[in-house]
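Dear colleague,

Please find the structure placed below for your study.

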Amino acid sequence: MRYFLQILGSATVDSRPSVVVHFDSQRYLFNCFEGTQRFCNDRKIRLAGGKKSMFFFTRVSWDCIGGLPGMLLTLADAGTKLFKIHGPANITRALAATRQFLFRSDITVDTHEFPENGEEVSDENLTIRPVLLRRLASPTIAGTSTTKPNLLAPRYPAMSAKEARRILKSMFPTSGSNSGPANSANQLKRSLNSDEVVHPLSDRTKRVCTPGGCSPSAAESDNVPATEPAATSTSNEPSEARERITLAYVCTGPTVPGRLDPVKAANLGVPRGPDLGRLTRGESVTLNDGRVIQPHECVGPSKPGQIFLILDVPDRDFVASLVNNQSLSAEFLQKDGNPVSCIVHMLGNGVIGVPAYVNWIKQFPKETKHIVAGQNFSPDELVLLCTANIQHQLNMLDEDVFLRPYEDNSLKATEIPPNTTLSQPLTLVQFEPKLLVDVSQTVRFRPPSPNTPSLRSYLAVAAPVKDKIKASKWGRERSPQSPTRSPRSSQSKRPLRDYGVPSGVTFGGGDTKEVIVIPFGTGSAIPSKYRNVSSTFASFSNGSVLMDTGEGTLGQMFRHFGPELLDQHLLNLRLIFISHMHADHHLGLISILKRISELRREKQGDDQLPPLCVVGPTKLHQWLEDYAAVEDFGIDEIDLFDSKFLTGRTPNSPIDPRLAKMWSNIVAVPVVHCYQSYAVVLKHTSGTQIAFSGDCRPSNAFADVGRGSDLVIHEATFNDDMQEEANSKRHSTTSEAISVAKQMQAKNLLLTHFSQRYPKLPSAQKSVVEGPGGRLVIGAAFDSMRIRLSEFDKLPLLMGPLQALWGQLEDE
C-alpha cells in the first residue's frame, strides 16, 4: 500500500496552500484556493479519483474555497458524479450563495457542517476528526491579539441552514428529493437557452440597486416560475459569526496488515493459494486435517495507521485556542504510542513568531515532519511554470509589450522553527510504505534560453521585427532607463510611468487621453496553461477599470505589477464591470474586493481614496450580498450599480456623481448570450472611448452605441470555420468581431476570449483593414501583454512571430 499527501499551490497571492491526500481509490482535497484547477493543469496533477470527490475546508473564506465553484464544474465534466463537501458552519450557505451561476442537474453535491463536538468521518482509507478552533485574544499569551471588531459581526442576514440545504438541492437536483427536481432541471435548461426565462432560483425579493441607491423590489417576480418559490430567506437563524472559527483536521490512515511469513505458514501446513490471503487479512483458516490456523501464528503484528494533521491558523488570535486544546496536544494524539507523522501548518501573518506556537511545535517528537507555509515568510516563487515559460518567450519578442512575471525566491523571514520544512508546490509526504518527505517535484522556474532548439524558428521570424521596432518611433521614444524585464527581487523598483498610472502619477508627457490596456485573461470557459479566463484592465490618467474578473485575476495582476505597484493599482481602481454571470467572468471578483477592502482599512481616514463602483447584472448583486453574510470582503465599501439601469443612455443623459469623477458617459447594452448579458461603452472625461463586448453574438445595438470608439475589445471565441458552434453557443467568430468594429467605425480592435481548445491565434487574414470610419487596426490579446492605445498599431508587426510561437505551442 502506498499513500501520501502533496502540497498544492504555495503561500503567494496567486496560490494559497492546500493539500491533496492520494490513495489509489480516492483523493481528499483540503481547501481549494482560487486558481486550483489552473495550477493542477499547469503541473499535470490529476484530482479526479473516480466517481466521488471529497473536499474538506478549514474555513469559510475565499482564500480557502475560491476555487470550489470552478472545480465542481471541471470535475463534473471529467465524470465525477458525487461531491462530498465538509467544513465549518456556513459552508452550505457559501455554496448556496452561488445559485445565481452554479447549477448542474447531473451531479450530487452533499455538504456536511461539523458540529462543535467534532464528529469523525471515516471510509476505507481515512478517519478524519475535525477540531474547532476559535479566534480569541487570550491574556495568558502576550502579543497574540489582532482582532478587528468590525470584522466579526455579520451585517447581512444569512439564509437559514434549512433554506440553504433546500437551495442546494435545487441547484443539484440529484442531491436529494425536493418538490420537483425534474421540473427544476427543465427550467434550468430553458434559462440557459432563452433570454426570457430566468434561472428558477433567481431571487426577486432582494433589494434592487440603481444609480440612485438600493431598495426592495419584486418588479420582476412574474418571471419566477410558479413551481419554484423565491429562494432566499431573510431568517435571522443564528449561525457562527464570520471569521471566528477554523477547523483543524486530525487524520488517521488505514491500519497496515502484518507481513505474512511464508516459511512459518508452510511449516504449519498452510497450502499456497487463497488461505494465505485470508491469514494476511486477519482471518483464521481451517486445514483439511481440521486444524485451525490463527493469523498470529504466521503473520506479524499489524501497523497502526499514520496520524497527520492539517492545521490552519489564520492569525495570532487563534493560537490560544490551539495550544490550550487538549485534543491537539502531542500527549493526547500519541496516547496509544503511535507518533504523529506529519503536521501541515497553513499560517497567517505573525503566527510563526508567537512563542506559544513555537513551543506547541516543539512538544512533538523529532520524527514528526512539519511542513509550514505562510504568505509573510514564504517566497513569491512562480507557481504556474508553463505560463511563466510562455511569458518569457513572448518577452524575447518585445520587452515593453510582454513583461516577464514578477518573482522573488528569497525568504521573507528567518524565524522558521527548527525541524520544519518550508512548503513548496508539490512537496510530498509519503506515509506508506515508508515515512519520508520527497521534494523531487518541487522544481523552481528556469527561464527558457534563446538557444533552445524549439525557439529557433520563432526567434528567426522575430529578429527583423525587433529591429524594425527598435528603429521606429516606439523604440526611439523609450527611455534607456525603462525596464527590460520584471524585477526578480521584491526590493527592485519599477518606473511607475511604464506600469500603468497609480494615483497622482502621469505619463506620456501628461497626455490625459492616453490609455494602457492589459488583458489579464484572454481565454474562455476554463483556465488553461496558455490563457487565463476573462479579465481586461485599462488604466487612464485619473484611474483604472477592470472589465470582467475571471478566476485568478488578482494573481495575474500580482505577477504583472509586483507587490508594491499591485496595491497602488488596486487603490486606484475606479470601476469594475461584470458583463454576465458565467463563472469564467466573475469568480475573481471577491478576492479583488477583499484585498481592496484590506488596503482601504489600512488607510482609514484618508479622504483622498476614490470611490469604487461595481457595475453588473442583478444576479451579481444578489450573489455578493448572499456571500457577504458568511465573509466580510468589504461590500459596504463599494458602490453597486445594476447594469439594466445604465441601458438606453444618451450622451446627454445625467450621470451619477460617483461615476462622473472619471466618466462622461457609461452605457450598458443588452446582448445575446445568456440571461442578463451586457456589453458596455465607457467614455472617459478626456473624450477617449472604449467599447467592451463581454460574451455575445454580433450586436447592431452595441455597434451603434459604441460608434467612433478609440478601442473596441471584442470576444472572438471561435475561428470562422466554426460558425455553427458560434451560433449555438451564442459567441462570435473572428470575422464577426471585425465586422462589428467596422460597423462601429472604431479605430482599434483587440480580439480576446479565445476557445481554450485551440492555443493558436485567431485566423484574421489582415491586421489592418479599411472600414466606413477609415483605418481599423486589429490586434490579438495575450495574457499580461501591455499596450498603450497610442502604440496600438505596433501589434500588427508582432503577428508573424506570434503565429510562429503559437504554432510551436500547438505542436507541443
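**Salt bridges, a helix and a pocket**

Arginine 559 counts as buried because its relative accessibility is 7%; buried means under 20% relative accessible area, exposed over 50%, and partly exposed in between, with a 1.4 Å probe and protein chains only. Please note that this is a predicted model, in which local features need pLDDT of at least 70 and side-chain atom pairs count only at pLDDT 80 or more, while totals for chains, interfaces and linings use all residues. Residues are numbered from 1 along each chain as its sequence is written, and side-chain values use heavy atoms, with hydrogens and water left out.

Side chains of opposite charge can pair when their charged atoms come close. Here a salt bridge is a side-chain nitrogen of Lys or Arg within 4 Å of a carboxyl oxygen of Asp or Glu, and the whole structure holds 31 salt bridges. In one of them, arginine 559 pairs with aspartate 14, with 2.8 Å between the closest N and O atoms. Arginine 559 belongs to helix H15 and aspartate 14 to the loop between strand E1 (3-8) and strand E2 (18-22), so the pair ties together parts that are 545 residues apart in sequence. Helices (H or I, at least four residues) and strands (E, at least two) are DSSP runs, numbered from the N terminus. Aspartate 14 is also buried, at 15% relative accessibility.

Another salt bridge joins arginine 595 and glutamate 598 (3.1 Å, N to O). These two residues are 3 residues apart in helix H16, and are therefore separated by about one helical turn. Arginine 595 is partly exposed at 23%, and glutamate 598 is partly exposed at 34%.

How many of the 14 residues of H16 are buried? The number is 11, so helix H16 is mostly covered under the cut-off of under 20% relative accessible area. Among the buried residues are Leu589, Lys594 and Arg601.

Finally, the second largest pocket has a volume of about 1,300 Å³. A pocket is an open set of points on a 1 Å grid over the protein atoms alone, where a 1.4 Å probe fits, with protein on both sides within 12 Å along at least five of seven lines; lining residues have an atom within 4 Å of a point. Its volume is the space filled by probe spheres set on the points, which are joined across faces, edges and corners. The lining has 42 residues, and Leu73, Ala525, His582, Asp584 and His731 lie nearest the centre of the pocket. Helix H3 gives the most to this lining, with 4 residues.

With kind regards
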